[in-house]
Amino acid sequence: MTLITETHLRTQLVKGLPNPFPITDGDKLTPAAADFLKDRGISLRHVAPSESTILPRSEDIGLKLIPVGVSNRHVHLSPEHVEALFGGGYALTPQRELSQKGQFAARETVTLVGPKGIIQHVRILGPSRGATQVEISRTDGYALGVHPPVRLSGDIQGTPSITLVGSGGTVVLQQGLIIAKNHVHMSPEDAQTFQVNEGDHLIVQAMAERPIIFADTIVRVSAHFSLDFHIDLDEANAAHLNTGDKVQMIGKNGEITRAERRQL
Ligand SMILES: [Zn+2]
């Protein structure tokens with residue numbers, strides 16, 4: 001069975017779509033794909049499986065796919081702040097490993113306190129790092145009453161203050177509240193496959209029901225990284241994406257490089 005999406009059809013458009021369009025009995029068209037054909041006056045023709053035009057598999061047409069990792073709000077703590085929030089000598093308890101090697105979600109959580117509201121049970125990600133950083137979505141910002149800028153992780157100079165409450169104490173963070181800028185982690189081997197370098201700005205497109213394009217996604221390359229497109233919950237919801245879905249790279253540094261895409 002093939003799931004025929006609007007994105008599939010658009011990538012075929014450059015080569016011309018057959019009319020009528022052949023589908024086999026098991027094939028499914030997404031509603032958007034059905035509309036796409038209808039809008040162009042293309043009818044469907046049911047054919048035996050062997051006769052059907054197999055839609056190009058992603059590998060065949062050079063699609064470069066990247067798995068999605070959706071980050072909910074979370075906190076990275078400095079070693080001093082782990083102790084300030086949970087008590088002297090305290091160590092975080094790993095609960096679940098994350099997709100990036102060595103990173104874990106801790107059992108411990110904190111409450112964020114903003115000028116307008118609080119958010120409880122905010123997960124701490126470990127291990128602890130140099131400076132404490134709190135990553136929220138824009139939607140969370142409305143709940144808290146504070147609107148941090150979109151920044152890459154670690155770039156916290158001049159960002160807003162926020163208060164963290166743990167089971168053993170409170171920390172008033174002077175700066176470190178951000179909305180994380182989306183980015184792709186990849187190994188040097190992946191970087192070679194994708195023909196990109198550290199710091200490149202990728203253009204990637206969601207392949208779900210809403211084919212949103214993320215036009216400025218920063219590449220971070222390290223031998224420790226696994227291939228992952230990191231977005232926050234607002235971005236995921238807007239693009240109908242879940243962790244484990246795939247996006248396709250369609251260009252970099254402001255230029256869409258996939259020929260098919262120029263037909264859009
Ligand atoms: Zn990341």
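These legends accompany several close-up views of the predicted model shown above.

Because the model is predicted, local features need pLDDT of at least 70 and side-chain atom pairs count only at pLDDT 80 or more, while totals for chains, interfaces and linings use all residues. Residues are numbered from 1 along each chain as its sequence is written.

View 1. Helices (H or I, at least four residues) and strands (E, at least two) are DSSP runs, numbered from the N terminus. Along its principal axes, the C-alpha trace spans about 70 × 35 × 30 Å. Among contacts with a separation of 6 or more, 68% are between residues 24 or more positions apart.

**View 2. The largest nonpolar core, a set of 23 residues.** A nonpolar core here is a set of buried Ala, Val, Leu, Ile, Met, Phe, Trp, Tyr and Cys residues joined through C-beta atoms within 7 Å. Val75, Val110, Leu112, Val134 and Leu164 touch the most other members. At least two residues come from each of α3 (79-86), β8 (104-113), β9 (118-126), β12 (162-165), β13 (170-173) and β14 (177-180). The top contributor is β14, with 4 residues. Apart from this core lies another, of 21 residues, including Val196, Ala236, Leu241 and Val247.

**View 3. Leu112 and its surroundings.** Once neighbours within four places in sequence are set aside, Leu112 is in contact with Ile118, Ile119, Val122, Val134, Leu144, Ile162 and Leu164. Leu164 in β12 is also the bridge partner of Leu112. Their strands, β8 and β12, are antiparallel and pair over 3 bridges; two strands pair if DSSP finds at least two bridges between them.

**View 4. Strand β8 and its two hairpins.** On one side of the sequence, β7 (residues 94-97) pairs with β8 in the antiparallel sense over 3 bridges, and Pro94 stands opposite Ala106. The hairpin of β7 and β8 has 6 residues between the strands, and Gly102 takes a positive phi near 85° there. The hairpin from β8 to β9 runs through 4 residues. These strands are antiparallel and joined by 6 bridges, with Phe104 facing its bridge partner Gly126 in β9.

**View 5. Strand β5 (residues 64-71) between two pairings.** With β19 (residues 246-252), β5 runs antiparallel over 4 bridges, and the bridge partner of Lys64 is Met249. With β18 (residues 228-232), β5 runs parallel, also over 4 bridges; here Val68 has Phe229 as its bridge partner. When you inspect such strands, keep in mind that side chains in a regular strand alternate between the two faces of the sheet.

**View 6. Helix α1 (residues 6-13) and its cover.** Thr7, His8, Leu9 and Thr11 are buried in this helix. What covers the buried residues of α1 includes β1 (3-4) and α2 (31-39). Arg10 is also found in α1, but Arg10 is partly exposed because 17 other C-beta atoms lie within 10 Å. The C-alpha atoms of Arg10 and Asp140, 130 residues apart along the chain, are separated by 36 Å.

Terms used: Buried ≥ 20, exposed ≤ 12 C-beta atoms within 10 Å, placed from the backbone. Contact = placed C-beta atoms within 7 Å.
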